[in-house]
Amino acid sequence: MAEASRTFHATLFSLPTFSPRFHFKLSYSHSHPSLHLKRARSVQRSISETKTMSLNTTLPWGCDIDSLENAEALQNWLSDSGLPPQKVGINKVEMGKRGLVALKKINRGEKILFVPPSLLISSDSDWSSPVAGHVLKQQNVADLPLLATYLISEANLQKSSRWSNYISSLPREPYSLLHWTRSELDRYLKASQIRLRAIERIADITGTFDDLRRRIFSKHPHLFPKEVFNLVTFRWSFGILLSRLVYLYSMDGKVALVPWADMLNHSCEVETYLNYDKSSQAVVFTTDRAYQPGEQVFISYGKKSNAELLLSYGFVPKQGTNLNDSVELPLSLKISDKCYKQKLKALMKHGLSASQCYPIQISGWPLELMAYAYLTVSPPSMSKQFEEV
């Protein structure tokens, strides 16, 4: 064991150190690189074309990402639609962002917001154009692309849509890696696993749009005109959904947009999250700290690494503030190892494979990583102890 320990530590501490300039997670991809490269090449043209389209296209809905111009109209509409009097209001917060700030003192353990189910946007929401909704559901379109198409349909109706005040408050260009150019992805996410995941996500969204266009949009141009339902608007709607959808555990896992609540920003220092409260029959969250008037109110988007926050929400917390940040360390057996078959057999007994990836966090690393690493570097003289390791 001592021999294995020396080999393991020599290997672990000779790993390259990454520049702290980038706060998001830096890691290697442990899946087959040729598959990623093939997908990257296939979508590169689409990314380029989409960027060209977006430069020449201004969406006729939404607002600037830091704008408060539609905040009052949104609050008035929400109040008229059943939102009770609030202890929070929209305002500009740090770095010019929008957020919800306390209007009155809010105590720790207090439930706030109380957004009624009638204000949620989900896959079962009524369409202003019922025929369009019927066509999509008849084709068994999955919830996420269905919601993306719904959002575009309602946005295009502008004042004729019930959701016009809400859509007017949404950013025209959400914080999202979907809006990064390929050169930006290559430059800022170099040596990061998140780069390939971002390219894959863009490829998936482009592929989903192409599928809908071929199967449905092109066959019903009167319902889905290409001037409205195109890759630019689809990328916008997916950017909105990926950064704002809420998973509501107490509503049987319903996934929905929650107007007003989606103005709350994330903090790594809080652990409270949005959920449906059956007693009040509304979406609420319970504060885990007190807030004074003027202070920004936060929720948690989940215990996510910086890379996950960047990929889904388009931001990275301040350096050192996210205790859930991690670097994924890939480990694998070498096929040239004289004890490869014996070690693989020992791993498989524990449901593991020849290649595993483990998170290294600020607080440390999992014990499983140590055990796996000891096994991979153990010499043949320890073969009788492989299963114990």
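Five bridges join strand S1 (residues 88–92) to strand S2, and the two strands run antiparallel. Strands are DSSP runs of E with at least two residues, helices are runs of H or I with at least four residues, and both are numbered from the N terminus. Two strands count as paired if DSSP finds at least two bridges between them. The structure is a predicted model, in which local features need pLDDT of at least 70, side-chain atom pairs count only at pLDDT 80 or more, and totals for chains, interfaces and linings use all residues. Residues are numbered from 1 along each chain as its sequence is written, and side-chain values use heavy atoms, with hydrogens and water left out.

Strand S2 (residues 98–102) is mostly covered, since 5 of its 5 residues are buried; buried means under 20% relative accessible area, exposed means over 50%, and partly exposed lies in between (1.4 Å probe, protein chains only). Arg98, Leu100 and Ala102 point one way from S2, whereas Gly99 and Val101 point the other way. Both sets of residues are buried.

The protein chain as a whole contains 12 helices and 11 strands. Of its 389 residues, 47% count as buried. The accessible surface of the chain comes to about 20,400 Å², of which 51% belongs to carbon and sulfur atoms; areas come from the Shrake-Rupley method with a 1.4 Å probe, and for residues only the protein chains shown count as cover. Among contacts with a separation of 6 or more, residues 24 or more positions apart account for 71%, where contact means heavy atoms within 4.5 Å.

An open sheet of 3 strands has the order S3-S8-S7, with antiparallel pairing. S3 and S7 stand at the edges, each with a single partner strand, so one side of each is left without a neighbour in the sheet. The twist averages 45° from one strand to the next; axes are lines fitted to C-alpha atoms, for helices over the stretch in contact, and angles run from 0 to 180 degrees between N-to-C directions. Strand S7 is joined by 3 bridges to strand S8 (residues 282–286), and these strands run antiparallel. The bridge partner of Asn275 in S8 is Val284.

Val115 belongs to strand S3 (residues 111–115). Val115 counts as buried because its relative accessible area is 0%. Not counting residues up to four places away in sequence, Val115 touches Leu83, Leu120, Val258, Pro259, Ala282 and Val283. Val115 and Asp277 are 162 residues apart in sequence and 9.9 Å apart in space, C-alpha to C-alpha.

Contacts of Leu333, not counting residues up to four places away in sequence, are made with Tyr340, Lys343, Leu344, Leu347, Ala354, Tyr372 and Thr376. Leu333 and Gln356 are 23 residues apart in sequence and 9.2 Å apart in space, C-alpha to C-alpha.

The structure holds 16 aromatic pairs. Rings of Phe, Tyr and Trp (its six-membered ring) pair if their centres lie within 6.5 Å; planes under 30 degrees apart count as stacked, over 60 as edge-to-face and the rest as tilted. Tyr249 and Tyr273 form an edge-to-face pair, 6.0 Å centre to centre with 70° between the planes. This pair links distant parts of the chain, 24 residues apart: Tyr249 is in the loop between strand S4 (246–248) and strand S5 (254–256), and Tyr273 is in the loop between strand S6 (265–266) and strand S7 (275–277). Tyr249 is exposed, with a relative accessible area of 54%, while Tyr273 counts as partly exposed at 45%.

Tyr301 and Tyr313 form a tilted pair, 4.6 Å centre to centre with 40° between the planes. Tyr301 lies in the loop between strand S9 (298–299) and helix H10 (306–313) and Tyr313 lies in helix H10, so the pair ties together parts that are 12 residues apart in sequence. Tyr313 is buried, with a relative accessible area of 14%. Elsewhere, ring pairs link Phe209, Phe217, Phe224, Phe229, Phe234 and Phe238 into a cluster.
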